[in-house]
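Thanks for asking me to look through this one with you. Here are my notes, point by point, to read beside the structure.

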Protein chains: 2
Amino acid sequence: MSTIPSLPTAKSIQVDTRGALILDEESPETRDSRGIYLPNYVEPVSHIAVDIGGSLAKVVYFTRSPEPPTSPSIAATKGSSANNSSVGTPESASPGTPTTPSSPSHRHDPLARVNGALTPAVLDNGNNVISGLPSLDTSFRDTLLRRVSVHHLPGGSLNFERFETEHIDECVEFLQTLIERSAQINGVPIEEMRKSVKIMATGGGAHRFYELFSSQLHVEVRREDEMECLIEGLKFISLIPDEVYYFSDELIHSVSHTPAIPFKTPTMLQNGVNGVYERPSPDPPRYAVTFEQNPTPQLPCLLVNIGSGVSIIRVDENGSFERVSGTSLGGGTLWGLLSLLTPATSFDEMLDLSEKGDNATVDMLVGDIYGQDYSRLGLKSTMIASSFGKVFKKDGKKVKFSAEDISKSLLYAVSNNIGQIAYMNAEKYNLDRIYFGGCFIRGHAATVGTLSYAIRFWSKGTKRALFLRHEGFLGSIGAWIKNIGEERAE
Amino acid sequence: MSTIPSLPTAKSIQVDTRGALILDEESPETRDSRGIYLPNYVEPVSHIAVDIGGSLAKVVYFTRSPEPPTSPSIAATKGSSANNSSVGTPESASPGTPTTPSSPSHRHDPLARVNGALTPAVLDNGNNVISGLPSLDTSFRDTLLRRVSVHHLPGGSLNFERFETEHIDECVEFLQTLIERSAQINGVPIEEMRKSVKIMATGGGAHRFYELFSSQLHVEVRREDEMECLIEGLKFISLIPDEVYYFSDELIHSVSHTPAIPFKTPTMLQNGVNGVYERPSPDPPRYAVTFEQNPTPQLPCLLVNIGSGVSIIRVDENGSFERVSGTSLGGGTLWGLLSLLTPATSFDEMLDLSEKGDNATVDMLVGDIYGQDYSRLGLKSTMIASSFGKVFKKDGKKVKFSAEDISKSLLYAVSNNIGQIAYMNAEKYNLDRIYFGGCFIRGHAATVGTLSYAIRFWSKGTKRALFLRHEGFLGSIGAWIKNIGEERAE
């Protein structure tokens, strides 16, 4: 065989995303943690990426399988449809039920959460495997593939997990189990396995918990810059078909703060059909979003990452970036306020409450102050003049406000504010595309709608709010991706 | 005597502010409602201006007296020092104690609140009195003054009152009493008095309560545009010596979000002495502000009016203006949240609580997430990454947070947010001066400091936050001023 050609320096993403497929939703709780199956990708060394933020630690890792793993829902309804017996995904024909921190059942059973296994490097020895590069010509690629051993058949899944930063030990325990189990499955000693594993750590906790991870897991831990990882993750994930979605202009128009209209959960249509409704009707409107099915790189853009707090990052055409702004009124603010003002104990409960609420009982609208529109300034009577403005009664009369109304009001307040600050930065830097990332949105209709509406309102329709199904994993995906690049340079 | 010269068309303010004097503070509650004595001004027709916002109705009216009214505090300590027996300010040698809506004692005694009396127009007949114009030459002016009857000696006070919009009937009752009393004092029938009085109404309530005012008071009611009045009020009031104040750069530097440093009430020094403190010390720092003693017109500028909600208005050099932005996260939001989260029942109580609080127990700071500064991005470890970010505990542990800490956190959150949005607009329109108006600030140290600091932080010291002692009365002052201009044109 001829010499392996030297590889181009890694500026482009080295992961073969051809045919990438977002796996089915396990449950509504794992809405944003669906695995991504990459049929053409081979990972030579096992990497785990961890992004530890103020509230949540997000984990990404890759496991092998020649075919997409079967989801439990498919297994339950149709039976197992794929052969999952290749090395790398043994017992778990179904990948195990991923959980979110709000499901206590899996909290103390790390084994239940481990999807497949990592591949130890020792099995790579003697095989110069090159992960699929779109630029290689097809025949050469086919030749390489024939040389590859069964361990290196391309194909496997990116897996996603979340843990609470406050219980970081659970995350450590999970990783310990993943590594040990991978050693078992591959039949190698734990020491060999550990040499093959690298943890790419980003987020604030990469600094805060560096010692913990190093000492507990006995593997190499590399710290990666949070902003770099966010941007790398964005660039990568936005290329996956059906990853990016947005509300169409017609939909945004029909999403308003009209009081007493119950807000229904959107029907997510795969083929991008948009419902258009001019005014509230007795038949409650269903909203749909448009998915980006054939994505192309979308730079320059603005990335608004909403976690406990908010970071706003501008990205140039060539991928260079700068954190230009942020706000401390983020997810942590909303969750904190609602945890004291409502009986809700999880963010999903809070979002459920908000869906049933009417903000006009707690918000002061333009119409409440003016008795009408303030049309001279383009302010409609239904617009919010003062969030929570009806709550304070100086005469001391205690009025009881419902948890639903309070939740909706504060969700709107926080979302509108983020949308406004995001818009102002997009305008300042002349950017039309605004991506929203972070664990705040969770595909929730009212949040997506409010952010979309805010951007449309302030930009008069010239800018677009874009959302990501794996919104919370940008940093961890980016940390994982960055290592692939490093790998190439070695 | 020669003919009275024709008057220039009213573009400039027709009120003679030479020698204007802000009267002593009656009590801390009336901090922003101090009368303004104008020794050279004569008002030919009595006007009352009312600015009715979402929460508060602000009233301005002018009453005659040749000398500044005595304040009760001066009378108590030194005895009556001025002769207040001229027509126009009879019995009340002291102007009567103005009250804020939080003092229930005066709520049902409108007589106690009426300062002096309005002047009926009927007493003007035959005298072509021209209110002092700075452009007239001195000798001619002196001649005019000799001709003037005792009713028209220049000199009198602008009086300020506040009512809750929710109890607008109390405002109506007050005005009724003012008009009736003025008729009595001047010895004219009530019908004549009513012909002399015009109510200039602005704010949202001008529309909402137009019928109420007209039918109850039997006087002419004119509605004036809210934004126009705000700007007129700003242009006028910023010319009064010692009206405008700001934190010096050194002071802003020492105002930080350092946890556990109790924030003391600033000592307001009349002669503008600034204390400079480099770091927190065992001797708690006292903050001082600089007063604008010799003000000059300060256009162009940005006006940020913080009431229940926030309006942001840009003003050009020539005084033309445009409402360019706003936010629904305003005073109403803070008061509403704190009324549910703390035992406080008034805004002053809420501000008191915040002075004693430590926001670091409820806010997530940069240091909490990173364990250190995020110096690469210029984020100090003491900066707030997520407001209220420590409150939500997913494991359901209920931690009790103190009312003081909650109050400080939310005051910072709302103030910082307003400062950030204000800054972004100032930058967009290339304006260096940012005036803060509205009833939110109330001269409160932490609020003034936070807004000053936010502007300084975001602008890297290139822009300045400016405050007004009569911050809540911009709209009502403007409505009053606009009528003077109209008067001239007749």
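**Notes on the predicted model**

1. Let me start with one contact inside chain A. D348(A) and R442(A) form a salt bridge, their closest N and O atoms being 2.8 Å apart; the term stands for a side-chain nitrogen of Lys or Arg within 4 Å of a carboxyl oxygen of Asp or Glu. D348(A) sits in helix 10 (residues 347-356) of chain A and R442(A) in the loop between strand 15 (433-437) and helix 13 (445-459) of chain A, so the pair ties together parts that are 94 residues apart in sequence. Over all chains, the rule counts 22 salt bridges.

2. A word on conventions. This is a predicted model, in which local features need pLDDT of at least 70 and side-chain atom pairs count only at pLDDT 80 or more, while totals for chains, interfaces and linings use all residues. Residues are numbered from 1 along each chain as its sequence is written, chains are lettered from A and ligands numbered from 1 in the order in which they are written, and side-chain values use heavy atoms, with hydrogens and water left out. Helices (H or I, at least four residues) and strands (E, at least two) are DSSP runs numbered from the N terminus.

3. How are the two chains related? The same surface serves both copies, since 99% of the contact residues of chain B recur in chain A.

4. Now the interface itself. Chain B contributes 71 residues to the contact and chain A 72, where contact means heavy atoms within 4.5 Å. About 5,500 Å² is buried between chain B and chain A, with carbon and sulfur atoms giving 59% of that area; buried area is the accessible area (1.4 Å probe) that two parts lose on being put together, summed over both.

5. Two salt bridges are found across the interface of chain B and chain A. In a salt bridge between the chains, the side chain of E427(B) meets that of K428(A) at 2.9 Å, N to O. Helix 13 of chain B gives the most to the side of chain B that touches chain A, with 10 residues.

6. In chain A, seven strands form an open sheet in the order 1-2-5-4-3-6-7, with mixed pairing (two strands pair if DSSP finds at least two bridges between them). Its edge strands are strand 1 (21-22) and strand 7 (220-223) of chain A. Strand 6 (residues 197-202) and strand 7 of chain A run parallel and are joined by four bridges; I199(A) has V221(A) as its bridge partner in strand 7 of chain A.

7. In chain B, another open sheet of seven strands has the order 9-8-16-15-10-11-12. Six bridges join strand 10 (residues 301-306) and strand 11 (residues 310-315) of chain B, which run antiparallel, and I306(B) stands opposite V310(B).

8. Finally, some backbone details to check. Most residues other than glycine have a negative phi, and most peptide bonds are trans. The peptide bond from L299(A) to P300(A) is cis, with omega near 0°, and P300(A) belongs to the loop between strand 9 (290-291) and strand 10 (301-306) of chain A. The bond from L299(B) to P300(B) is also cis. H218(A), not a glycine, has a positive phi of about 55°.
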